[in-house]
Amino acid sequence: MAQTRSEGLITALDIGSSKVAALIAQPTPDGLMVLGTGQRESRGIRRGYIADMGATEGAVREAVEQAERIARTQIDETWLSFSAGGLVSDVASVEVDLGGQRIAQRDIDDLLAAGRRSIDPDGRMVLHAQPTLYTLDGLKGVKNPLGLHADRLGVDIHVVVAEPSPVRNLDLCVRSAHLAVKQIVASPIATAMSCLSAEERELGVALVEMGAEVTNVSLFAGGLLVGLTSLPLGGGDITDDIASAFGTRRAQAERMKCFHGSAQTSPRDNHEMIDVAPLSGEQDAGEAPRITRAQLVAIVRQRLEQIFGEIEGALKSLGFVGPIGRQVVLTGGGAELKGIADYAQGVLGRAVRVGRPRGLIGLPEAHSGPAFSTLAGLVQFAASDPIDLRPAPAPQTIVKLSPSNIVQRLLAVVKTSY
């Protein structure tokens with residue numbers, strides 16, 4: 001019999017354009033143990049935004065109920081990812097005068113309280129406000145100032161904000177499914193927790209989350225998310241191209257892409273034949289239309305050329321050059337396409353690997369691919385119990401950020417921290 005309430009469990013919910021996925025985990029001495037997972041086809045989502053509240057709410061209920069049945073429990077709150085456009089990352093700095101005294105915990109608490117007050121409302125919603133590195137008398141990069149002496153103590157606060165309306169719609173949809181929202185987490189931050197190492201985030205890495213209809217390109221350096229942008233393109237566009245080119249249903253096109261599609265060409269492609277189910281679904285007396293694998297791969301690569309052209313442009317605009325511009329981690333459902341890492345490496349001219357969720361015990365094989373990196377990362381983010389300086393009431397707070405030179409300011413903070 002399912003419990004009515006489960007203390008200590010962590011539930012994550014990832015609402016994407018192609019799927020809604022839920023995961024229930026329990027912290028144990030050995031790590032985070034997966035108790036149950038659920039997945040349903042997404043309904044009512046377009047390019048990461050809710051377009052049909054009722055349809056999305058139904059998909060959320062079904063995914064969560066499936067996870068609850070497997071976990072043999074009932075949950076009442078969840079951690080929720082947000083992956084649509086409009087995310088902005090910045091650093092707010094604050095400093096207080098100590099007069100040379102030894103730093104006590106009270107001084108750190110007062111500094112963080114001042115940092116919380118420094119976030120000025122002006123039209124955007126705060127998703128994250130986390131202290132990163134402290135400053136002692138101008139010396140940056142101090143991780144723990146407790147017990148040291150200083151005339152002035154400062155701190156850099158990493159702030160991530162989003163346009164309020166899409167976030168509120170997502171929050172309302174989940175609450176309509178009778179679930180409290182513990183926190184809404186920016187997708188790149190959650191995903192980085194599951195498929196980037198701490199060293200990668202320190203030294204500099206680009207994370208490309210290729211979803212069905214949205215591709216998020218984010219840059220990490222010095223352990224921080226220092227820049228991000230969203231592109232309204234994804235693996236679903238490849239599926240649509242296949243359906244249109246060969247006159248078949250979208251579900252059939254998705255199967256063709258997954259089982260026969262590839263980002264790389266092969267000499268055998270001209271000899272391998274693929275049956276194409278007709279769009280009408282009717283079985284004629286004659287044989288089903290057939291295409292060569294080479295024809296399918298040509299359609300896939302044509303769209304990939306556009307997508308990775310946009311990704312390359314995004315990386316350049318984010319300043320992904322020099323020492324921090326060497327490694328790219330590709331994840332999300334689009335990263336499951338055969339040969340995509342080699343293709344991306346050739347186009348981008350950088351080392352590329354596919355990022356898969358790691359760090360969870362008992363994750364089912366069906367949920368261990370790149371498409372579930374954000375879901376796994378949400379659980380890990382929740383378990384890390386991050387310090388949250390968002391001014392109350394959360395998550396309704398908004399913040400004023402300068403729209404110019406955001407990435408340059410963040411990179412300057414990172415560079416002075418070494």
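## A look at Thr135

Thr135 touches Lys140, Arg152, Leu153, Gly154 and Val155, leaving aside residues up to four places away in sequence; touching, or contact, means heavy atoms within 4.5 Å. You'll find Thr135 in strand β8 (residues 125–136). Helices (H or I, at least four residues) and strands (E, at least two) are DSSP runs, numbered from the N terminus. Thr135 counts as buried because its relative accessibility is 6%; buried means under 20% relative accessible area, exposed over 50%, and partly exposed in between (1.4 Å probe, protein chains only).

## What you're looking at

This is a predicted model, where local features need pLDDT of at least 70 and side-chain atom pairs count only at pLDDT 80 or more, while totals for chains, interfaces and linings use all residues. Residues are numbered from 1 along each chain as its sequence is written, and side-chain values use heavy atoms, with hydrogens and water left out.

## The open sheet

Five strands make an open sheet with mixed pairing, in the order β14-β13-β12-β17-β18. Two strands pair if DSSP finds at least two bridges between them. At the edges sit β14 (224–231) and β18 (351–354), each pairing on one side only. On average, neighbouring strands here are turned by 20° against each other, direction ignored; axes are lines fitted to C-alpha atoms, for helices over the stretch in contact, and angles run from 0 to 180 degrees between N-to-C directions.

Strand β17 (residues 327–331) runs parallel to β18, and four bridges join them. Helix α4 lies across β12, β13 (215–221), β14, β17 and β18, at about 110° to β12.

## Pocket and cavity

The largest pocket holds about 1200 Å³ of space. Of the 45 residues lining this pocket, Ser18, Lys19, Gly211, Ala212 and Gly333 are the closest to its centre. On a 1 Å grid over the protein atoms alone, a cavity is a set of points where a 1.4 Å probe fits but cannot get out, and a pocket is an open set with protein on both sides within 12 Å along at least five of seven lines; lining residues have an atom within 4 Å of a point. Grid points are joined across faces, edges and corners, and a volume is the space filled by probe spheres set on the points.

The whole structure has one cavity of 30 Å³ or more. The largest cavity has a volume of about 70 Å³, and its lining includes Ile15, Tyr49, Phe82 and Leu170.
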